[in-house]
Amino acid sequence: MKRKKSIGFKVLMMILVLLLIVFGWYISSVISDYKGNPGDKLVTVTIEEGSGTAEIAEVLKENGVIKYPFWFRLASKKNGYDGQFQQGSFVFSQKAGYETVFKGLMNPENVLVRVTIPEGFELRQIADRLEEQGLIDRERFFKVAEKTEFDYWFLKDLPKRENRLEGYLFPDTYMFKKGDTEENIINTMLSRFDQIYMEEYRKRAKALSMTDDEIIILASVIEREAMGDEDRDKVASVFHNRLKNKQYPYLESCATVQYILKERKAVLSVADTKIDSPYNTYRNPGLPVGPIASPGKAAIEAALYPAETEYLFFVLDSTGVHRFAKTYEEHQQNMKK
């Protein structure tokens, strides 16, 4: 009988020890969750309008930011944070820690704003879009773009010209914090350009006997002239052919004049084409002095890999289709049509 009691007591003690170990592990895990152990992996968390602390805790758990929603809710309530969290999107490290998350969710400047910069936007239009979203001071944005030195290889040998970053703020969809500085926003867009413009592109530019800057200038003109994927490489071929043609050395791009006018006029006047500007490709042979917009990846690739044609002319017809021609006579016929 004593032996049975002894065995039963040992089993009970083993169970208690196991429970203490599990409980100790659990408490340690909760403390670790509270303190956090952030790594390099970032996640975007979206807090919907009207979400309470319970819903927010579940979203945070789903994204790996916290592990225990119950303790997060308890800590939030104890500290008086309930009802103070902002709605919108936020970026956190996974395992960020409760205090970091609390501070992040309560600061309106941490809310992320989704901004899309379309291909073909000029620097001034990018500034307008960012200002509309409450992300920048327009005047300061231009000052930073003009004066601040950003450490990227593609900016080092740029010639002095107006709007020196024109063409290099890559068009894409971005998530910016409301509290971001103009420097951070510009740097993010330049970094995206750096990711897109691969070493392969640099080698191809050299093979064409063009600088990378000249490729971006040409790509910006193609971006503004082409109507889509179907004719982008053909438009590129016209400009490449003209750059090599002694009889027709002028690109005669309406988009370059529109850049001068700061207006997208559907039809240019004769006076418009005679404006004295280094951007006017009706007056100056070759490429304009700088990019006229931010080209997307497809336009950059068209500049690097144009179609092989003998076209020297194109015109946009009333249906929105480009008509290409090898000779001026054929071009006149297309214009009449």
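The legends below describe an overall view and several close-up views of a predicted model.

Residue numbers start from 1 along each chain as its sequence is written, and side-chain values use heavy atoms, with hydrogens and water left out. In this predicted model, local features need pLDDT of at least 70 and side-chain atom pairs count only at pLDDT 80 or more, while totals for chains, interfaces and linings use all residues.

**View 1. Overall fold of the protein chain.** The protein chain has 14 helices and six strands; helices (H or I, at least four residues) and strands (E, at least two) are DSSP runs, numbered from the N terminus. Its radius of gyration is 30 Å, well over the 20 Å that the globule rule gives for 337 residues, so the chain is more spread out than a compact globule. The radius is taken over C-alpha atoms, and the rule is 2.2 Å times the number of residues to the power 0.38. The C-alpha trace spans about 115 × 40 × 40 Å along its principal axes. Of the 337 residues, 41% are buried, where buried means under 20% relative accessible area, exposed over 50%, and partly exposed in between (1.4 Å probe, protein chains only).

**View 2. The aromatic pair F72 and F102.** A search of the whole structure finds 25 aromatic pairs. In one of these, F72 and F102 are tilted, with 4.9 Å centre to centre and 40° between the planes. Rings of Phe, Tyr and Trp (its six-membered ring) pair if their centres lie within 6.5 Å; planes under 30 degrees apart count as stacked, over 60 as edge-to-face and the rest as tilted. F72 belongs to helix α3 (residues 69–78) and F102 to helix α4 (residues 98–106), so that the pair links distant parts of the chain, 30 residues apart. F72 is buried at a relative accessible area of 0%, and F102 is buried at 0% relative accessibility.

**View 3. The aromatic pair F154 and Y168.** The rings of F154 and Y168 are stacked, 5.6 Å centre to centre with 10° between the planes. Both F154 and Y168 lie in the loop between α6 (138–147) and β4 (173–177), so the pair ties together parts that are 14 residues apart in sequence. F154 counts as buried at 6% relative accessibility; Y168 is buried too, with a relative accessible area of 2%.

**View 4. The aromatic cluster that includes F154 and Y168.** One aromatic cluster is formed by Y152, W153, F154, Y168, F193, Y197 and Y201.
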